[in-house]
Amino acid sequence: MTTRAPEKKNPYRLDRTVEPLVYTIELEPDLAKFTFRGSESVTFRAARPFSKITLHAAEIKVTKAFLAGGKFKTPLAARKISYHEKFETVTLDFGRKVAPKEAERLVLEFTGHLNDKMHGFYRTSYEIKGKKHWGAATQFEATDARRAFPCWDEPDAKARFKISLVVPEKLTALSNMPVEKQSRLPGGRKKVAYEVTPVMSTYLVCFVVADLESLQGRDKNGVLIRIYVTPGKKEQGKFALEVARHALEYFSKWFGIPYALPKCDMVALPDFASGAMENWGLVTYRETALLVDPKNSSAAARQRVAEVIDHELAHQWFGNLVTMRWWTDLWLNEGFASYMGPKAVDDQFPEWRIWDQFVVADTLHALYDDALQNTHPIEIPVQDPAEIREIFDAITYSKGSSVNRMLEHYLGEKVFQKGLQVYLKKFKFKNATTRDLWAVLEKVSGKPVRAIMASYTDQPGFPLLKIEPDNRAASRFRVRQERFIFDGTPDRARQLWNIPLVIRGAASKKSWVGILKSKETAVDLGEDRHAWVKVNPSQSGFYRVAYPAEMMEPLIEALRERSLPDPVIDALGILSDALALARAGHIETSRVFEIARALGNEREMNLWSLIAGAIGAVSELLDGESLKARVAEFARALLSPCLEDLGWERRPADSHSDILLRSMMIFQAGHYGDEGVIDEARARFRKFAAGGELDANLRGAVYSLVAENGGQEEFSALVKIYRASSLQEEKVRVLRALARFRNPSVVAEVLKFALSKDVRNQDCYAVLASFGGNDHGRHQAWAFIKAHMKDLMARYTGGSISLLGRILEGASTGFKTPEELRDVETFFKKYPVNGIERTMKQSLEIIRSNIRWQPRAQAEILAWFHS
Ligand code: BES
Ligand code: ZN
């Protein structure tokens with residue numbers, strides 16, 4: 001059943017005759033010249049005699065290399081130092097055989113430069129009193145430690161690190177461990193030496209040098225927690241401190257293993273490629289993922305901060321203490337941090353109902369991406385850095401965490417927890433594979449964990465369960481599995497999954513539970529299937545379901561009456577499945593609108609977010625002003641009772657969901673043309689732009705509506721807000737709104753602004769990718785991206801290439817005609833970018849799917865309005 005490809009011999013991997021034990025590293029960055037110099041001494045173990053050592057190094061010049069200690073009285077210098085650019089290695093040739101115990105350590109000196117690519121050892125800028133200052137930071141995952149110091153840059157080459165930094169006296173210098181010793185050096189410098197780390201992988205090493213302020217606390221186990229920010233932002237770190245304190249306590253208890261280090265620092269860096277990075281003891285964040293401004297931050301931003309912190313702190317166990325053996329098993333890091341993070345969030349903020357949000361943000365997101373031909377199995381052989389970078393995607397994160405949720409629902413919480421505790425204890429300070437984990441869980445649970453989970457981690461895609469009535473009895477039906485792909489190509493591989501199957505009927509409170517292994521099975525629920533039958537209650541199974549019409553009707557009725565066991569999550573599943581089935585051509589697109597209409601009385605944020613997303617997806621596909629106008633009218637009628645209930649003003653009794661929902665509904669109503677809402681948004685904007693107040697929760701919606709309905713004047717006002725704020729959250733809010741302008745001359749200015757000095761490289765996707773959702777600006781933005789591709793590639797290659805992937809994907813996947821497809825295809829062919837090839841293929845596949853869906857949707861929605 002499993003079709004795992006055998007691991008190929010990987011030319012990018014090092015020969016491990018010599019393996020590192022302890023690295024002693026000293027680095028001195030020069031923040032004026034953007035260079036650094038380093039020296040390094042590595043004790044090692046040699047398995048056999050050797051005459052050469054090859055280790056990773058990229059954009060580094062080794063100026064000295066010799067072997068010392070052991071039997072050497074005088075060091076043995078390398079005769080030849082040579083580099084291999086493609087494999088990112090340096091080879092030290094000692095000119096003769098060296099016996100295993102003959103030498104004790106390898107000593108190196110080297111120089112490098114502080115790049116502006118947000119990877120390796122990079123520079124970051126910030127302002128103090130209007131003046132630009134520079135700092136330096138590292139981002140090593142996955143394969144960029146080699147840009148800061150020569151090393152065995154592979155996750156299973158674990159070693160200890162003893163780091164020292166030489167920096168200007170006034171700056172703060174941080175690394176994974178606490179300071180052991182500090183001393184003054186001439187020239188206004190200091191040398192900061194840190195304690196030696198436990199045995200760990202290179203990708204988790206980190207150092208940061210900048211003007212920083214901090215606040216601190218301790219968790220109840222005595223772990224020191226510090227939040228570091230650039231000057232003036234200390235107040236904004238308070239929330240993070242509370243979340244971190246809770247997370248460390250929660251995870252030490254849940255895993256039954258104390259946090260491994262004496263301290264846990266968290267730093268907000270002004271330039272950052274992804275959201276955050278779990279470096280052991282020194283977690284780095286994008287400012288928006290760590291900082292909360294009491295007055296100017298939205299509830300959504302606060303939630304995001306908690307989610308990111310809890311994800312990164314889960315890694316301190318899952319990833320840092322126990323590490324995947326090779327990147328093929330990356331999901332052991334990311335799929336588990338993405339599953340454990342929400343547990344901690346839910347424990348601290350139960351009123352956020354984070355698991356409802358998980359279903360939308362992770363499970364449904366993964367089911368979308370995984371329905372493409374160009375998906376990949378969770379476990380996938382990867383060899384070179386570009387391939388490794390590409391799998392930090394929704395399959396690894398969101399499918400990975402969703403199949404973990406499926407597993408926990410199947411095993412039960414206690415058994416799942418026990419299994420993970422045993423696994424972590426068994427492999428701590430070591431590396432593990434997916435198979436190692438299944439073996440432990442199988443032993444602890446006594447259940448066929450491996451067979452079930454391997455069917456989800458070894459194969460691409462997921463099953464669609466087709467329910468077919470069995471006319472012999474009203475209580476019977478058949479369940480059949482087949483791979484679900486949007487483009488409907490038959491599954492020649494005839495994939496099968498081992499599916500933990502749960503089915504509930506209206507009459508009994510009991511569930512039917514079994515493992516579906518074969519192509520098809522018969523189910524007798526013992527009650528009439530003409531009352532509702534819900535397959536996959538709570539959406540814990542990673543699959544979609546297609547019901548026959550006779551079983552769909554009662555389900556829609558049950559949605560209307562709110563009588564399903566989990567009214568929110570079950571509705572999310574039914575609506576999302578319908579949207580996917582409509583896209584793939586299994587059902588009529590109008591079904592989606594029918595289900596949406598049945599949910600009109602709901603007041604829950606996740607449901608409305610999915611309803612709005614579904615209507616938006618269909619509406620953007622349609623042609624013709626009059627049909628679009630009818631959809632807009634339908635949307636307004638559906639939304640307005642909910643918006644009327646909520647109103648514009650925050651009420652004391654508002655739940656977290658109400659607060660998030662209000663801004664969403666305001667934007668949607670205005671977007672679909674509710675004049676009253678647009679006027680109110682404009683009025684509130686005018687007041688705010690003139691120095692008045694505006695609830696941070698409403699700003700995103702207000703800015704966007706003002707942009708959709710505005711021109712030059714509104715553009716200038718938004719840019720003014722952008723420049724006046726030092727809060728990155730506010731800046732990003734403005735950037736997203738800027739992508740909503742419709743007037744061509746303003747759109748041109750917005751695009752120019754996106755690539756101007758005002759916008760950091762980390763943020764410009766917020767504008768460019770968002771244009772994909774703007775019917776009026778999409779073509780102009782695409783033409784602009786094409787014309788500036790060389791500039792964009794220069795910004796993102798050799799570092800955060802996935803940001804370019806997000807731009808191209810976001811800007812192109814709204815296209816829906818063959819001409820547009822040809823244009824995108826030609827462009828992607830002209831610029832094959834290493835590291836985002838799969839993203840490009842996926843984008844083309846989505847456009848093709850839009851093209852196939854368009855005429856169907858057009859006809860079906862038109863007919864529905866006329867019926
Ligand atoms: N390990 C990643 C950071 C990372 C991402 C490194 C991509 C290399 C390439 C980190 O733990 C992470 O997953 N961060 C997420 C946030 C999280 C809440 C999903 C991110 O950066 O988006
Ligand atoms: Zn992660």
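**The whole chain**

Start with everything selected. This is a predicted model, and for its 867 residues a compact globule would have a radius of gyration near 29 Å; the chain has 28 Å, which agrees. Along the principal axes, the C-alpha trace spans about 95 × 65 × 55 Å.

Now switch to a cartoon view: the chain holds 26 helices and 29 strands. Buried residues make up 62% of the 867.

**Stop one: Thr 323**

Select residues 322-324, which form strand S21, and pick out Thr 323 there. Is Thr 323 buried or exposed? Its relative accessibility is 1%, and buried means under 20%, so Thr 323 counts as buried.

Show the side chains of Thr 323 and Lys 158: a polar contact of 2.8 Å joins them. Beyond its sequence neighbours within four places, Thr 323 is also in contact with other residues, including Pro 155, Ser 201, Tyr 203 and Asn 333.

**Stop two: Asp 645**

Next, select helix H14, residues 625-646, and find Asp 645 in it. With 45% relative accessibility, Asp 645 counts as partly exposed. Leaving out residues up to four places away in sequence, Asp 645 touches Arg 603 and Arg 651.

How values were computed: Residues are numbered from 1 along each chain as its sequence is written. Chains are lettered from A and ligands numbered from 1 in the order in which they are written. This is a predicted model: local features need pLDDT of at least 70, side-chain atom pairs count only at pLDDT 80 or more; totals for chains, interfaces and linings use all residues. Side-chain values use heavy atoms; hydrogens and water are left out. Helices (H or I, at least four residues) and strands (E, at least two) are DSSP runs, numbered from the N terminus. Buried means under 20% relative accessible area, exposed over 50%, partly exposed in between (1.4 Å probe, protein chains only). A polar contact is a pair of N or O atoms within 3.5 Å; within protein, one must be able to donate a hydrogen and the other to accept it, and residues adjacent in sequence count only if both atoms are side-chain atoms. Contact means heavy atoms within 4.5 Å. The radius of gyration is taken over C-alpha atoms; the globule rule is 2.2 Å times the number of residues to the power 0.38.
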